[in-house]
Amino acid sequence: MKSHKIITPRDALSLIPSPSRIVLGHAAATPIRVIDAMIQEKQRFQDVEIVHMLSLGSAEYTHASMLGHFKHNALFVGGNTRDAIKRKQAEYTPCFFFEVPSLFENGALPIDVAIVQVSLPNEDGLCSFGVSCDYTKAAARCAEIVIAEMNQQMPWVHGNNTIHVDELDYIIPCDYPLACLEQAPIGDVERAIGQHCESLIKDGDTLQLGIGAIPDAVLMSLHDKKDLGIHSEMISDGVLSLIKSGVINNRLKPINTGKIIATFMMGSKNLYDFAHNNPMIELHPVEDVNHPMVIMKHDHFVSINSCLQVDFMGQVSAESIGFNQFSGVGGQVDYVRGASLARNGRSIIAMPSTASKERMSRIVPLLETGSAVTTTRNDVHFVVTEYGIAQLKGKSLSERARALINIAHPKFRDELTRAYHSRF
Ligand code: COA
């Protein structure tokens, strides 16, 4: 490692021009030391655009006091950036997760600086991107300047997940624990949803699951299955007990047999320790993992994602509540499309039947004005709530509406039925 490359977080600040566009390493690989230095010396920056999907941490660059210094361009909206989007201090850019690297590469969203986290190098001089390969690897490839926090605590995760130390322009040696994600509490509603999803999953299937209580509840219901595989945008702690019990063994996956394939992971230290130097787990760039044409190669593929609202036609909004941008498309459509192209593929949209402490139904005659359609009515396959399963594929508009009313919360069914009769 060349000694002139080694810098401190404070030295990194002079490498970031104003204005400029920077991309941060994703999710649990958010480069916290450089961000903290940027926040402390915010007066050095004007109009620096910070691009990312999820970030773990306080995302202080989105706070009101940072106005004029930093602006956030969100490719996904998380809990720590939602308020800035609401206040219009940050903006959301719609895009499929699998296409993010191509935005950096083809000039649609060129990058000046990538600030990433990597592991220590191995004897060949290769560093692992650790828990986040996704677009982080592409950002390091496409940016004019690459600044890497080389974190002693970043696990070595296998896959097409490395960068040579010579490709890092500047290195900041670090030693801090990765950010962890707490597991969401699982209640009766999630457990019932998990059991309905379980009935749609067969021995030998390859699965994709998102983040949160519903995916975890689905995984909890799969202990009697056999020979499951995982090919998923992300993995979290929910997979660990099924790996340990041998239910997830990836034995029947038609490609990457024997391996769990993902593009990032987010969970507890236990998960990160399990993934460290574990040949069973590989992370690959999101343009490969999430590409529908890669997903479709898995016969018997099942995707499970969640949403905020579904209308009578089966239009799924997973990202906004009216004009309020709540999250983003993420990989939902990548997987819904991949699953529908796969032989014996199934895609499941699983959600509680109500929101806001049962005050509103998530099944609605019409999406709220301003809501974005995430998964179209042409793509949707199964919708699951705690009250059952609605298969929408192959169903007419009126059949869809009836199937959805059947799985709505009973207290909203009369109202929904009246809306049905005035429409059909
Ligand atoms: N109207 C008003 N409020 C609503 C609502 C609606 N239709 N639907 C949900 N909400 C509220 C909930 O009540 C909850 O607020 P509360 O905690 O104060 O009660 C909040 O919004 C979050 O809803 P919830 O369903 O608990 O969110 P979640 O954390 O389970 O995430 C998605 C659900 C849809 C936002 C999330 O799955 C997502 O972002 N999906 C798109 C991306 C994707 O699918 N990626 C796939 C691979 S990771």
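The exercises below concern a predicted model of one protein chain.

**Exercise 1. Overall form**

Task: Determine whether the radius of gyration of the protein chain agrees or disagrees with that of a compact globule.

Solution:
- Step 1. The protein chain has 424 residues, for which a compact globule would have a radius of gyration near 22 Å.
- Step 2. The protein chain has 22 Å, and therefore agrees with the globule value.
- Step 3. Along the principal axes, the C-alpha atoms occupy a box of roughly 70 × 50 × 35 Å.

**Exercise 2. Composition, contacts and surface**

Task: State how many helices and strands the protein chain has, and describe its contacts and surface.

Solution:
- Step 1. The protein chain contains 14 helices and 24 strands.
- Step 2. Considering contacts between residues at least 6 apart in sequence, 70% link residues at least 24 apart.
- Step 3. Buried residues make up 58% of the 424.
- Step 4. The accessible surface is about 16,900 Å², and carbon and sulfur atoms account for 51% of this surface.
- Step 5. The protein chain carries 39 positive and 46 negative charges, whose mean positions lie 6 Å apart.

**Exercise 3. The two sides of helix α6**

Task: Identify which residues of α6 (residues 188-198) are buried, which are exposed, and what covers the buried ones.

Solution:
- Step 1. Buried means under 20% relative accessible area; in α6, Glu190, Ile193, Gly194 and Cys197 are buried.
- Step 2. These residues cover an arc of only 105 degrees around the axis, so they lie on the same side of α6.
- Step 3. Asp188 and Gln195, on the other side of α6, are exposed.
- Step 4. The cover over the buried residues of α6 includes helix α7 (213-220) and the strands β14 (301-305), β19 (346-350) and β23 (382-385).

Notes
Residues numbered from 1 in each chain as written. Predicted model: local features only at pLDDT ≥ 70, side-chain atom pairs only at ≥ 80, totals over all residues. Heavy atoms only, no water. Helix = DSSP H or I, 4+ residues; strand = E, 2+ residues; numbered from the N terminus. Rg over C-alpha atoms; globule rule 2.2 N^0.38 Å. Buried < 20%, exposed > 50% of the residue type's maximum accessible area, 1.4 Å probe, protein only. Contact = heavy atoms within 4.5 Å. Areas by Shrake-Rupley, 256 points an atom, 1.4 Å probe, with all protein chains shown as cover. Lys, Arg positive; Asp, Glu negative; His and termini not counted. Charge placed at Lys NZ, Arg CZ, Asp CG, Glu CD. Arc of directions from axis to C-beta.
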